[in-house]
Amino acid sequence: MEQYIFYFVALLALASAVYMVFARNPLYSILSLVITFFSIAGMYILLNAQFLGIVQIIVYAGAIMVLFLYILMMLNLNAKDESSKKNYMKFIGIISAGILLTGLLGAYRGIQGTAKVAVSDNGVGLTKKLGKLLFNEYVLPFELASVLILTAIISAVLIGKKDI
């Protein structure tokens, strides 16, 4: 039964993430991202990583998404403003996607080597073990994620900047 719940939550996360990318209205896109974050938190909890699940809900689905909605309301984007953006925004997006892909590949390579150990270990979701894994084996994907977040912040500032 637990496996079916996991598949349902994973399918919900994938569907809402795809809808987030293809939604025309930014508000629907952000709300779909909230559903994705809650689904990922559910997957963490089902994988016995309760700390990560709660942090996912508090930090991402709570604080960051409230900030996204606030910024969306403050920007007041119009359709005529969408076409006037420069090509350097596409270049920044491509670089961000490359950093994300590199981080995901590094994390996937690390997961392949430790998958058998994680299944038999009862302390997988504990904070101490998580900190040791994060800062020993997964330093590169962790740092790439921080660079990706910095790139997203810079992109948000560029998008919100008034054209003179």
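Helix α3 gives the most to the nonpolar patch of this protein chain, with 5 residues. The model is predicted, so local features need pLDDT of at least 70 and side-chain atom pairs count only at pLDDT 80 or more, while totals for chains, interfaces and linings use all residues. Residues are numbered from 1 along each chain as its sequence is written, and side-chain values use heavy atoms, with hydrogens and water left out.

The chain has 7 helices and 0 strands, where helices are DSSP runs of H or I with at least four residues, strands are runs of E with at least two, and both are numbered from the N terminus.

The nonpolar patch on the surface is formed by F38, I45, I54, I57, I58, V59, Y60, I149, I153 and V157, with about 860 Å² of accessible area together; such areas come from the Shrake-Rupley method with a 1.4 Å probe, and for residues only the protein chains shown count as cover. The helices below each supply at least two residues of the patch.

| Helix | Residues |
|---|---|
| α2 | 26-46 |
| α3 | 50-75 |
| α7 | 139-160 |

V59 lies in helix α3 and is partly exposed, with a relative accessible area of 34%. Buried residues (under 20% relative accessible area; exposed is over 50%, partly exposed in between, with a 1.4 Å probe and protein chains only) make up 21% of the 164 residues in the chain.

Definitions and conventions. Patch = residues over 30% accessible without salt bridge, like charges linked within 9 Å, V, L, I, M, F, W, Y side chains within 5 Å. Salt bridge = Lys/Arg side-chain N within 4 Å of Asp/Glu carboxyl O.
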